[in-house]
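Subject: Structure handover

Hello,

Please find the structure below. My notes on it follow.

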Amino acid sequence: MGKPTGFLEFTRELPKKRDPQQRIHDYKEIEVPFSEQDSQRQAARCMDCGTPFCHSGCPLGNIIPEFNDAVYEQNWAYAYEILASTNNFPEFTGRICPAPCEASCVLGINKPPVAIEFIEKSIAEVAFEKGYVKASPPNVRTGKQVAVVGSGPAGLAAAAQLNKAGHTVTVFERADQVGGLLRYGIPDFKLEKWTIDRRLAVMEAEGIQFKTGVNVGVDVRAKDLMDQFDLVMLTGGSTVPRDLPIPGRDLKGIYPAMEFLSQQNKRNANRPVDVDHQGMPYGDGELWATGKNVVVIGGGDTGSDCVGTSNRHGAASVTQIELMPMPPKERAANTPWPNWPMMLRTSTSHEEGCERQWSINTKAFIGDENGNLKALRLVDLTWKNEGGRMQMVELPGSERDVPCELALLAAGFLHPQHNGLLDELGLEYDERGNVKTNKYQTSTNPKVFAAGDMRRGQSLVVWAISEGREAARAADCYLMGETRLEAKAVSMIEAV
């Protein structure tokens, strides 16, 4: 359990971050390195609480108290062995996961929770540094050929697990580099891309083949894919953005957030900025926030990423608006421990400079005589409970126009792209437009499985990894009649 009195002796401490006014001039990760001793001290705070609610808070079921204890004992090899048994990519989740496990930490009832996400990152980085992360190709191949379509976290996790089971795995990616939104969605200042390349080198050494620049359904027809492979795993993600069809939407200067973010990631990688993350040509060329009044429409993580990128471009001003009311600054009463708390969160991008506004609706985009965006027409809202449902009501007299030359739509995604591969495979869709499955197996074709955002709807990277792992177990069982791949670890409370 680490140190029995550790939670009494040590306070929660996270790595220091570089000064906001210094870090907005580059795209490097913002955290200052932490020592192994600092990690040990944080791991000592774990209480070994008997019923580890952190297990059920984690979508992967990470065995958290055990790896905390190993870190406290400075047994880094064992800590990585425990962590890697449930999480293929702790170097990713240790950087970009919102850590639902921490929201369920028993210590968090009346004290700051254990710094689980940071400890995960520490374990992963020490493991790579000390050589504990090694390629482990399967001893025996099954002779089964598996195609994984999409190389985001769900696809990579599924590929790693299916390869571990002995199947020959080929990953298809329509972008020019592997990684999905890890590569072209999440900014480098949150996840530098050398972390992806480092992991890909291990996966390639284990025998996984990656084919980039291949738009399955266009470059490779669905029928050919079905003929060439024993099983097809669809992990393409939820890629159709939620639009804002209001007056003025056709003006130049209004773009989906992902188009803006993926362009900057390509610049950082010295890659051509000519097509988007889906391989489609950009309509208006390169997007820059430099010298512009930027309004980010949507209050989530993607919107926050747009804020940080806009500041690094040198925007004249950055405003983030949200339809919903401002969350409380402390855990809301309707999301008590151990639930994920509804509360106000301030990201590192917000700290770098941003005006945040809540209960705001966008009524129209206003253009100049040349068809360029020049302003947004906004109105304040109040929310009323009508028959058990919250209804928004515009406040009279609050309508106004605010300067804006770049509007970024960060209101989430609807569902995966239907036209092309999915329609060609004749797949069914659920009520939200996601691929319909029964335990990851599509309802219309037993050889086709789906996982990640494409099946579940847009969610966290940690959920995508969990989806990929669980889909791989189901696929392996379909191919072989049984599976030896690890099942998700469950806590005592889940088992009950």
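**Helices and what follows them**

Just after helix α15, G314 takes a positive phi of about 90°. Helices here are DSSP runs of H or I with at least four residues, strands are runs of E with at least two, and both are numbered from the N terminus. Before going on, please note that this is a predicted model: local features need pLDDT of at least 70, side-chain atom pairs count only at pLDDT 80 or more, and totals for chains, interfaces and linings use all residues. Residues are numbered from 1 along each chain as its sequence is written, and side-chain values use heavy atoms, with hydrogens and water left out.

Helix α15 covers residues 301-313. Its 13 residues reach 19 Å from first C-alpha to last, close to the 18 Å expected at 1.5 Å a residue. The expected span is 1.5 Å times one less than the number of residues. The helix is mostly covered, with 11 of its 13 residues buried. Buried means under 20% relative accessible area, exposed means over 50%, and partly exposed lies in between (1.4 Å probe, protein chains only). Among the buried residues of α15 are D305, C306, R312 and H313.

Helix α9 (residues 116-130) has 15 residues. They should span 21 Å at 1.5 Å a residue, and the end C-alpha atoms are 21 Å apart, which agrees. In α9, 13 of the 15 residues are buried, so the helix is largely enclosed by the rest of the structure. G131 follows α9, and its phi is positive, near 85°.

**Salt bridges**

How many salt bridges does a search of the whole structure find? It finds 29. The criterion is a side-chain nitrogen of Lys or Arg within 4 Å of a carboxyl oxygen of Asp or Glu. Side chains of opposite charge can pair when their charged atoms come close.

E352 and R23 meet through their side chains at 2.7 Å, N to O. E352 lies in the loop between α16 and β9 (355-357) and R23 in helix α2, so this pair ties together parts that are 329 residues apart in sequence. Both E352 and R23 are buried.

R183 forms a salt bridge with D197, with the closest N and O atoms 2.8 Å apart. R183 sits in helix α11 (residues 181-184) and D197 in helix α12 (residues 194-205), so the pair ties together parts that are 14 residues apart in sequence. R183 is buried, at 4% relative accessible area. D197 is partly exposed, at 39%. Elsewhere, salt bridges that share partners join E29, E31, R95, K121, E125 and R198 into one network.

K16 and E13 also pair, at 3.6 Å, N to O. K16 is exposed, at 52% relative accessibility. E13 is partly exposed, at 28%.

**Cysteines**

The structure holds 0 disulfides. A disulfide would need a pair of cysteine sulfur atoms within 2.5 Å. C46 is buried, at 8% relative accessible area. For C97, the closest cysteine sulfur is in C101, 6.2 Å away, again too far for a bond. C97 counts as buried, at 14%.

**Backbone points to check**

Most residues other than glycine have a negative phi, and most peptide bonds are trans.

- A cis peptide bond joins W337 and P338, with omega about 5°. P338 is in the loop between β8 and α16.
- A99 is not a glycine, yet has a positive phi of about 60°. A99 lies in the loop between α7 (90-96) and α8 (100-103), and is buried at 4% relative accessible area.
- S359, also a residue other than glycine, has a positive phi near 55°. S359 lies in the loop between β9 and β10 (360-367), and counts as buried at 12%.

Best wishes
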